[in-house]
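Thanks for coming, everyone. Please take a moment with the sequence and the model before I start.

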Amino acid sequence: MANNQSPKSGLGKVLLRVFGYFFVSILCGVLISGLVVPVVAFTSTTVGGSIGFYKDLPSELNVDSPSLSSTLVSADGQHIATFYAENRVKVPLDQMSPFIREAIVAIEDNRFYEHAGVDAQGIIRALTSNLTKGTRQGASTLTQQYVTNVLNESRLSEGRPEDVVLSGQKTMGDKLREIKLALELEKRFSKDQILEGYLNIVFFNRDAYGIEAASRYFFSTSAKDLTLPQAALLAGLVNGPSIYDPTVDPDAALKRRNLVLDRMLEQGKITAVDHGVAVATPIELNVTPSRQGCAGAAIATYFCDYVSHLILNDETYGSTVNERERLLYRGGLTITTTLDSRLQAAAQAQVDASAGDNPDKWGAAMTTVQPGTGKILAMAQNTVFVPQEGKYDTQLNFNVDAKDANGYDLNGAGGFQPGSTMKPFIYAEWLNEGKNPTAIVDASRRVYPVGFPWRSSCGKVMGGYSSAQKAQNLGADDDLQNNDAGYYRPMPINYGLYNSINTATFATAAQLDFCGIQKMVDTVGLHSGLDNAPVNMHQIGNLLGSIGVAPVVLASAYATFANDGTYCAPIAITGISDSQGRQFEAQKPECREAVKPAVARGVNAVLQDVLKMGSGVYINPKVQSQVPVAAKTGTSNNNGATWVAGYTTTLATASFFGDTTAGQQRAGQNVTIDGKFYKSLDGYMIAGPQWANYMMEATALYPSGPFAAPAPPPAPAPVTTVPAVPRLTGG
């Protein structure tokens with residue numbers, strides 16, 4: 001194709017460039033003289049008036065990067081997850097390879113240790129080349145680049161991405177401000193401090209900000225262990241992260257790396273031998289993609305999500321959600337949690353095995369808390385957080401409430417019907433009122449109609465069991481049922497509890513003040529998993545656990561019995577600090593005496609019998625031979641939610657298995673799970689072995705002793721007869 005440019009027009013361009021050269025030379029002379037004055041002023045021992053303009057460094061410009069990754073770790077130091085807006089890990093200069101320090105100076109600013117923040121020679125050279133040769137050279141020093149990076153980071157951290165200024169977008173005002181700040185920065189900080197700041201903030205890749213993150217991403221190594229070829233490649237990358245990315249264009253990256261090595265040789269930073277070996281070395285990547293947030297958690301994904309919500313919901317860490325998000329994703333926090341990675345691994349293995357391949361999406365969950373502290377030691381469920389083919393995926397945490405006490409989202413499923421795991425709290429109130437643990441109650445009664453004369457000093461008991469009233473649309477359910485037919489008879493109250501007899505529980509409640517039952521349930525922290533409302537024990541169905549409760553809440557309530565009656569609210573965070581060592585307020589144990597020690601000991605005695613001769617007798621007996629252990633089974637009315645909640649003196653664990661799909665209405669009847677048919681799911685069948693197998697591993701790590709012996713029972717009291725119920729008309 002013909003060249004449309006005439007010789008005359010080509011000559012004109014050359015003349016224009018020559019004219020521009022002389023014009024720029026004059027302009028630069030004026031500019032340089034203006035820059036040199038303050039440089040001389042602040043490097044001199046006598047400070048003159050000309051320095052006044054440079055005194056105040058803007059608050060957004062500081063040596064520490066505004067955006068650092070936050071790390072979540074277990075109590076035993078295992079990495080759980082990293083949170084970041086920009087994947088960055090700050091390291092000191094002495095923890096960076098000498099090769100990267102030399103390489104970045106060689107290719108980006110070889111006069112870095114000679115100028116005072118602005119390189120006048122570089123400005124003349126770049127402008128001359130641009131005007132006389134038509135090139136596009138820059139003249140920004142490392143200090144100026146650092147200023148630009150920090151200003152942009154500040155804008156991003158303040159939620160102003162639209163104000164970020166890129167190199168090609170700078171106005172004359174932007175450039176002059178950059179020069180001013182660079183000069184002032186060099187007055188305040190040493191060259192090594194500036195170089196350290198630059199290498200910690202500079203962009204290498206969308207998954208790597210700063211030299212440590214870049215080293216981990218591209219080479220799966222640390223900044224201090226970078227080899228010469230690796231350091232040269234990364235130093236070359238900062239000039240054009242998208243152009244010289246070795247994962248995208250390895251040829252361009254190789255040429256750029258070798259150019260860096262050439263510059264290092266020319267400047268005497270490496271020997272000819274080192275240069276030759278490095279140039280001959282092929283690019284050998286070992287890419288480790290970053291794992292952002294809880295979706296990329298190494299362990300305990302759902303516990304991680306729970307902890308992140310605790311921080312984002314708490315005004316201790318910022319008055320607004322945006323402030324709290326900035327702290328978590330940009331604050332460089334180290335968040336130390338209560339999690340024991342050994343227990344977490346054991347719990348995860350058990351819940352993963354409970355339903356096998358699980359095509360029908362049955363849910364399994366387990367939480368362990370520590371009696372006496374409330375520390376959550378393990379929190380596991382059998383789903384994946386990020387969708388995977390053939391896996392049951394959900395971002396709902398089966399172990400926690402849907403919302404916290406202030407109404408903020410916790411991302412929990414909202415709990416599941418606890419069934420008969422509620423019964424020990426009714427028995428605890430029986431003991432609390434000073435009644436005999438072996439007193440006989442009439443468990444033959446199956447009819448408790450609406451209007452039955454329950455005792456309550458603070459309210460009215462609602463609901464009832466009566467098929468006759470149900471037939472007349474009076475709001476009652478069918479007659480009260482037991483799981484097995486042979487238990488409709490008088491029996492000792494403790495026998496009724498460890499065999500989980502519904503009619504015995506109602507006969508027990510008929511002799512108690514429901515306000516006492518309510519207080520007992522409230523004081524051990526039981527509440528609705530959906531909205532944190534109290535479990536209303538004046539609704540008769542809640543004697544058998546008809547309101548959803550989260551596993552972490554149930555485990556904490558049972559830990560009260562293990563801890564001789566002292567309740568401790570569950571906690572997950574023991575320490576939070578930032579990169580400067582500043583400490584933030586973490587969670588502290590919040591404990592209170594909830595149950596009299598004598599009452600707790602009486603409950604412990606009966607719940608040990610659950611596993612020896614009661615509803616949990618078919619659960620793995622080895623767990624009983626290993627340590628003293630107490631537990632209670634639980635099953636919802638339609639068998640869709642099954643439980644075992646149990647404890648030693650050092651660990652309390654709630655184990656759940658059942659329907660976790662939306663609505664939680666699926667019955668656990670006539671179902672096949674992991675190749676085995678179940679006519680009716682029961683707590684001891686899957687949730688039980690899940691709990692027992694885990695506790696055998698856990699108790700080896702947390703040795704425990706025998707429970708304190710209960711006090712002798714009071715003198716036998718006469719059997720209290722339940723008032724007769726008038727016959728219903730038409731029934």
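In what order do the five strands of the open sheet stand? The order is β2-β1-β5-β11-β12, and the pairing is mixed. Strands here are DSSP runs of E with at least two residues, helices are runs of H or I with at least four, and both are numbered from the N terminus. Two strands pair if DSSP finds at least two bridges between them.

A word on the source. This is a predicted model, where local features need pLDDT of at least 70, side-chain atom pairs count only at pLDDT 80 or more, and totals for chains, interfaces and linings use all residues. Residues are numbered from 1 along each chain as its sequence is written, and side-chain values use heavy atoms, with hydrogens and water left out.

β2 (79-83) and β12 (583-584) stand at the edges. Each has a single partner strand, so one side of each is left without a neighbour in the sheet. Strand β11 (residues 573-577) runs antiparallel to β12, and two bridges join them. Take Ile576: its bridge partner in β12 is Phe584.

Next, the helix α22. It has 15 residues. Buried means under 20% relative accessible area, exposed over 50%, and partly exposed in between, with a 1.4 Å probe and protein chains only.

Now the rings. How many aromatic pairs does the structure hold? It holds 25. Rings of Phe, Tyr and Trp (its six-membered ring) pair if their centres lie within 6.5 Å; planes under 30 degrees apart are stacked, over 60 edge-to-face, the rest tilted. Tyr487 and Tyr495 have centres 6.4 Å apart and planes at 35 degrees, so this pair is tilted. Tyr495 is partly exposed, because its relative accessibility is 22%.

Tyr647 and Phe707 make an edge-to-face pair, 5.6 Å centre to centre, with 80 degrees between the planes. This pair links distant parts of the chain, 60 residues apart: Tyr647 is in strand β15 (641-647), Phe707 in the segment after α22 (687-701). Tyr647 is buried at 0%, and Phe707 is buried at 11%.

Terms used:
The expected span of a helix is 1.5 Å times one less than its number of residues.
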